[in-house]
Amino acid sequence: TIQRNLLPKEGPEARGVSFSAHFEPTASIGGDYYDVFNLDKSRLAVAIGDVSGHGLCTGLVMAMVKAAITTLVEEGADEVSLFERLNQLVFRSTERRAFMTLAFTIFDLNRGAIRHTNAGHLYPYLLREGQPPISIELPSLPLGVRETIRPRTVEVDLQEGDTIVYLSDGIIEAQDEQGEPFG
């Protein structure tokens, strides 16, 4: 219940943009995280991540990172400083050197584009009518693996009707009744 209450119930309202999420943890407490932010009148941001492991320690790291992201976003931190500061937080705050994957995307509604920054999280997909899914690939290490990181950002132009799909490891690790991965 505490973990569910840390996650947003719905995304912000914005012209021509809608958000939806499905959260179904397999453990009682885990490190899954997502959030949606209003940055200003024409920009929104989506964050999705996962702290390694399960249990109370993992949930506490997730809650700590959520609080830090919220504060840094409200202070207007750009993607580079956001990821560098979060990396320091995760690196210093976990004795067993846990790590966290994180994807952070800024939607610029005036320009019709996104800026996507990644730290080891699964790549999101751009779904565009009449085309196969496009993976927004940006290889990188997770937060907390090294003392310093060099975040990378890619910019993608959007078209009306485009959908961005984010996922977590629960999707790619899903198995059938015989324990075989779906792939």
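Author: Two strands count as paired if DSSP finds at least two bridges between them, and the model discussed here is a predicted one.

Reader: How many bridges join strand S5 to S6, and in which sense do the two strands run?

Author: Strand S5 covers residues 125-127 and runs antiparallel to S6. Since pairing needs at least two bridges, S5 and S6 qualify, the number of bridges that join them being 2.

Reader: How many residues of strand S3 are buried?

Author: In a regular strand the side chains alternate between the two faces of the sheet. For S3, which spans residues 100-108, both faces are covered, with Met100, Leu102, Phe104, Ile106 and Asp108 buried on one side and Thr101, Ala103, Thr105 and Phe107 buried on the other. Buried here means under 20% relative accessible area, and the count for S3 is 9 of its 9 residues.

Reader: Which residue takes a positive phi in the hairpin of S3 and S4?

Author: S3 and strand S4 (residues 113-119) run antiparallel and are joined by 7 bridges, with Ile106 standing opposite Arg115 in S4. The hairpin has 4 residues between the strands, and the residue with a positive phi, near 65°, is Gly112.

How values were computed. Residues numbered from 1 in each chain as written. Predicted model: local features only at pLDDT ≥ 70, side-chain atom pairs only at ≥ 80, totals over all residues. Heavy atoms only, no water. Buried < 20%, exposed > 50% of the residue type's maximum accessible area, 1.4 Å probe, protein only.
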